[in-house]
Amino acid sequence: MIASYAVIPKVEEIGKYYSLLDKPDTRKVHSKPIVRIGGVAIFLGSYFSFFLILILSRLFAPWFDKFYIQIDEITISIIICSAGFFLIGLLDDIYNISPYSRLFFQFLVSSILWKFGLRIENLLFLDTYFFKDYVFLSELFSFVVSLIWIVGVTNAINWIDGLDGLAGGFTLITSIGLVYTCFLSRDYTYAYLTLCLAGGCLGFLFNNFYPASILMGDSGSYFLGIQLSALSVLS
């Protein structure tokens with residue numbers, strides 16, 4: 001939260017200098033141009049915090065071995081691919097990339113996540129008319145369902161980013177629920193990653209509640225979306 005909040009003034013300064021502004025129109029609630037690259041603050045705050053916790057977990061491992069962070073292929077792929085989604089959004093904030101190009105790269109990065117193990121492989125239908133238990137998906141269906149989920153959630157967060165504080169507030173509340181789930185299952189690595197996401201959102205929200213002084217833009221909504229979609233599958 002502190003890291004995200006601390007870098008916002010610098011992000012606003014850069015956004016104003018390069019005219020990276022969201023101009024008011026009939027669909028917007030703000031009445032003056034606002035910097036639209038606030039997602040940079042969420043991204044930097046979340047990742048700075050996670051890597052700091054990663055270092056601390058190794059320094060204090062002898063005393064807090066239960067909370068030691070295990071970095072595996074899936075965690076690395078989430079970190080890298082989330083950065084990829086963030087860059088797609090940031091490039092769109094700067095250059096206004098076409099929706100088809102964005103969608104193509106989103107599916108491309110999501111397929112990398114699936115390749116490294118982030119997969120929806122079964123669906124649970126309890127006490128329904130047709131199914132009584134798990135339905136296991138073939139590799140092809142797993143690929144399709146997983147990509148639709150990742151890209152779908154990412155763009156859903158992007159689409160609700162219309163009112164001040166809405167996307168950030170929704171992600172904050174959802175992240176807290178996912179953190180609780182991760183701690184219950186003792187998945188401390190994913191719990192910390194989600195907690196850092198929540199903190200990044202909270203630090204940003206201080207400047208994004210109505211009337212907002214900064215907007216997260218596509219860089220922020222894409223980063224929040226990919227993190228939520230991936231961490232919800234894991235939790």
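Predicted model: local features only at pLDDT ≥ 70, side-chain atom pairs only at ≥ 80, totals over all residues.
**Entry 1: S146**

I began with S146, which I found in helix α5; helices here are DSSP runs of H or I with at least four residues, strands are runs of E with at least two, and both are numbered from the N terminus. I numbered residues from 1 along each chain as its sequence is written, and side-chain values rest on heavy atoms, with hydrogens and water left out.

S146 is buried, because its relative accessible area is 1%; buried means under 20%, exposed over 50%, and partly exposed in between, with a 1.4 Å probe and protein chains only. Apart from residues up to four places away in sequence, I recorded that S146 touches W114, L118, R119 and I120, where contact means heavy atoms within 4.5 Å. S146 and R119 are 27 residues apart in sequence, and I read 5.7 Å between their C-alpha atoms.

**Entry 2: N155**

I then looked up N155, which also belongs to helix α5. With a relative accessible area of 10%, N155 counts as buried. Which residues does N155 touch, not counting those up to four places away in sequence? I noted L103, Q106 and Y222. As a further distance I took N155 to L195: 40 residues apart in sequence, 22 Å apart C-alpha to C-alpha.

**Entry 3: overall fold**

I counted eight helices and four strands in the protein. Along the sequence, I read their order as α-β-β-α-α-α-β-β-α-α-α-α. The C-alpha trace spans about 55 × 50 × 30 Å along its principal axes.

I checked the radius of gyration, taken over C-alpha atoms, against the globule rule of 2.2 Å times the number of residues to the power 0.38. For 235 residues a compact globule would come near 18 Å, and the protein, at 18 Å, agrees. Among contacts between residues at least 6 apart in sequence, 72% join residues at least 24 apart.

**Entry 4: surface and charge**

Of the 235 residues, I found that 46% count as buried. The protein exposes about 12,900 Å², of which carbon and sulfur atoms supply 69%; accessible areas come from the Shrake-Rupley method with a 1.4 Å probe. I noted 14 positive and 17 negative side chains, the centres of the two sets lying 4 Å apart. Lys and Arg count as positive and Asp and Glu as negative, without His or the chain ends; each charge is placed at NZ of Lys, CZ of Arg, CG of Asp or CD of Glu.

**Entry 5: the nonpolar core**

I next examined the largest nonpolar core, which has 53 residues; I37, F50, I78, L113, L118, F223 and L224 touch the most other members. Such a core is a set of buried Ala, Val, Leu, Ile, Met, Phe, Trp, Tyr and Cys residues joined through side-chain atoms within 4.5 Å. Each of α1 (2–17), α2 (39–59), α3 (73–95), α4 (99–115), α5 (139–160), α6 (166–184), α7 (188–205) and α8 (217–234) supplies at least two residues of this core. Which helix gives the most? It is α7, with 11 residues.

For F50, I set aside neighbours within four places in sequence and listed contacts with I69, I71, T75, I79, T189, Y192, L193 and C196.

**Entry 6: the loop between α7 and α8**

I placed N207 in the loop between α7 and α8, and P211 lies in the loop between α7 and α8 as well. N207 is buried, because its relative accessible area is 17%. Beyond its neighbours within four places in sequence, N207 is in contact with Y5, I8, A212, S213 and I214. A cis peptide bond joins Y210 and P211, and I read omega as about -5 degrees.

**Entry 7: backbone angles elsewhere**

Most residues other than glycine have a negative phi, and most peptide bonds are trans. I noted S19, not a glycine, with a positive phi of about 55 degrees. S19 sits in the loop between α1 and β1 (21–22) and counts as partly exposed at 49% relative accessibility. R186, likewise not a glycine, has a positive phi of about 60 degrees. I located R186 in the loop between α6 and α7, and R186 is exposed, with a relative accessible area of 60%.
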